[in-house]
Amino acid sequence: MDDLPRVDPSRGLIGLNIIQPSSDNTFMTFKVKRLLALKRSRYQEIVVADIEDFGRSLILDNYIQSSEVDEYIYHESLVHPAMVAHPNPRKVLIIGGGEGATLREVLKHECVEKAVMVDIDREVVEMARKYLEKWHQGAFDDPRAEVVIADGLKYVREVKEKFDVIVLDLTDPYGIEISKKLYSEEFYRAIYNILTDEGLMVTQAGSSFFFEKVYDYVLRSVKSVFPIVVEYNVWVPVFGYANNFIVGSKKYDPLKLGVEEVDNILAKRGVKTRFYNGKTHVALMYTPIYRASGAIKR
Ligand code: SAM
């Protein structure tokens with residue numbers, strides 16, 4: 001036992017630390033090993049830093065968006081349940097996802113012919129290109145990819161195309177102002193209108209545990225628009241909570257997919273993953289939804 005690592009409480013908060021609010025009263029602190037970039041864009045404060053335990057990380061307005069050590073858990077869980085639920089997703093729209101990892105995961109599906117990624121902040125995408133190669137892995141320059149710098153709300157109101165799957169990888173619904181409008185019933189109606197007749201969307205929805213009321217607002221908004229709604233969540237170590245996701249679908253239900261079916265679809269499409277597979281899919285779909293008022297059994 002003596003040779004196992006132990007926490008050394010005496011180390012305290014010496015040096016540079018990032019303090020991330022989990023709620024108004026709970027915070028996580030991260031020791032910064034190396035600060036690579038700190039810049040205020042027109043929309044948010046952008047930090048790229050190497051932090052202890054989690055490696056390189058993107059931080060926007062004090063919220064860690066993703067970290068090198070565990071980003072794949074979040075991005076695979078966000079993208080693949082909706083993508084495998086659709087029998088042949090050829091055109092995919094991503095809103096947000098500035099690091100390029102959501103785009104990376106979507107492009108793993110060989111059936112995808114076009115993936116449009118719309119992020120409001122050019123500076124985030126440029127920082128990702130420069131510092132977050134492990135996230136995008138060249139996805140920005142894939143011939144099937146189109147990167148658009150625009151407000152997602154404006155884009156969905158004006159785009160003439162229809163999409164098979166839409167992935168909403170935005171800053172949290174209780175975070176910065178610019179993404180709040182993209183968690184509303186009005187926005188999901190606009191999303192519904194640019195989905196094909198068999199289309200489906202998935203949105204990241206922050207933490208139902210720390211922000212239960214906000215989560216319920218987002219859930220109600222999706223339920224008011226889509227006939228099929230599926231909630232799921234996955235523990236993301238660097239967030240310090242289970243990140244929620246909500247699927248809104250016109251026809252296909254990810255809950256209906258079994259272990260073998262998911263594995264066969266991934267194999268057929270040539271999708272290689274580190275975390276997500278058939279068993280993970282079923283586990284995600286049946287994990288209780290964590291709420292401060294009491295977890296909901298599945
Ligand atoms: N994985 C993160 C999470 O779990 O919170 C989200 C990833 S990504 C960094 C969030 C992106 O949403 C940012 O790049 C931000 O610029 C973008 N964003 C915020 N509001 C937006 C809007 N109205 N339209 C388009 N992109 C937006």
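The structure is a predicted model.

**Domains**

The chain falls into two parts, domain 1 (4–67) and domain 2 (71–286). Taken over C-alpha atoms, the centres of domain 1 and domain 2 are 25 Å apart. Where the two domains meet, 25 residues of domain 1 are in contact with 22 residues of domain 2. The size of an interface is often given as the accessible area lost when the parts come together. For domain 1 and domain 2 this buried area is about 2300 Å², and 69% of it is on carbon and sulfur atoms. The count of salt bridges between domain 1 and domain 2 is one. A salt bridge is also found between Lys 39 and Glu 123, with the closest N and O atoms 2.9 Å apart.

**Salt bridges**

In total, the structure holds 23 salt bridges.

| Residue | Partner | N to O distance |
|---|---|---|
| Glu 123 | Lys 39 | 2.9 Å |
| Glu 105 | Arg 104 | 2.9 Å |
| Arg 157 | Glu 186 | 2.5 Å |
| Asp 253 | Lys 256 | 3.5 Å |

Arg 157 forms a salt bridge with Glu 186. Arg 157 lies in helix H5 (residues 152–158) and Glu 186 in helix H7 (residues 185–193), so this pair ties together parts that are 29 residues apart in sequence. Arg 157 counts as exposed at 51% relative accessibility, while Glu 186 counts as partly exposed at 47%.

For Asp 253 and Lys 256, the salt bridge joins a residue that counts as buried, Asp 253 at 17% relative accessibility, to one that counts as exposed, Lys 256 at 68%.

**Aromatic rings**

A search of the whole structure finds 10 aromatic pairs. In one of them, the ring centres of Phe 210 and Tyr 241 are 6.2 Å apart and the ring planes stand at 70°, so the pair is edge-to-face. What does this pair tie together? Phe 210 lies in the loop between strand E10 (195–204) and helix H8 (212–223), and Tyr 241 lies in strand E12 (residues 241–249), so the pair ties together parts that are 31 residues apart in sequence. Phe 210 is partly exposed, with a relative accessible area of 24%, whereas Tyr 241 is buried, at 8%. Both residues belong to one aromatic cluster, which also contains Tyr 74, Phe 209, Tyr 232, Phe 239 and Phe 245.

Lys 91 is placed over the face of Phe 163, 5.9 Å from the ring centre. The charged end of Lys 250 sits over the ring of Tyr 192, at 4.2 Å from its centre.

**Pro 227**

Tyr 192 and Lys 250 are touched by Pro 227, as is Ser 249, not counting residues up to four places away in sequence. Pro 227 lies in the loop between H8 and strand E11 (228–236). Pro 227 is exposed, with a relative accessible area of 57%. From Asp 2, Pro 227 is 225 residues away in sequence and 56 Å away in space, C-alpha to C-alpha.

**Positive phi values**

Most residues other than glycine have a negative phi. Asp 61 has a positive phi, near 45°, and is found in the loop between strand E4 (55–60) and strand E5 (63–67). Asp 61 is partly exposed, with a relative accessible area of 23%. Gln 137 has a positive phi too, near 50°, and is found in the loop between helix H4 (133–136) and strand E8 (145–149). Gln 137 is exposed, with a relative accessible area of 52%.

Methods: Residues numbered from 1 in each chain as written. Predicted model: local features only at pLDDT ≥ 70, side-chain atom pairs only at ≥ 80, totals over all residues. Heavy atoms only, no water. Phe/Tyr/Trp six-rings, centres within 6.5 Å; stacked < 30°, edge-to-face > 60°. Helix = DSSP H or I, 4+ residues; strand = E, 2+ residues; numbered from the N terminus. Buried < 20%, exposed > 50% of the residue type's maximum accessible area, 1.4 Å probe, protein only. Lys NZ or Arg CZ within 6 Å of the ring centre and 35° of its normal. Domains from an automatic or database assignment. Contact = heavy atoms within 4.5 Å. Buried area = accessible area lost by both parts, 1.4 Å probe. Salt bridge = Lys/Arg side-chain N within 4 Å of Asp/Glu carboxyl O.
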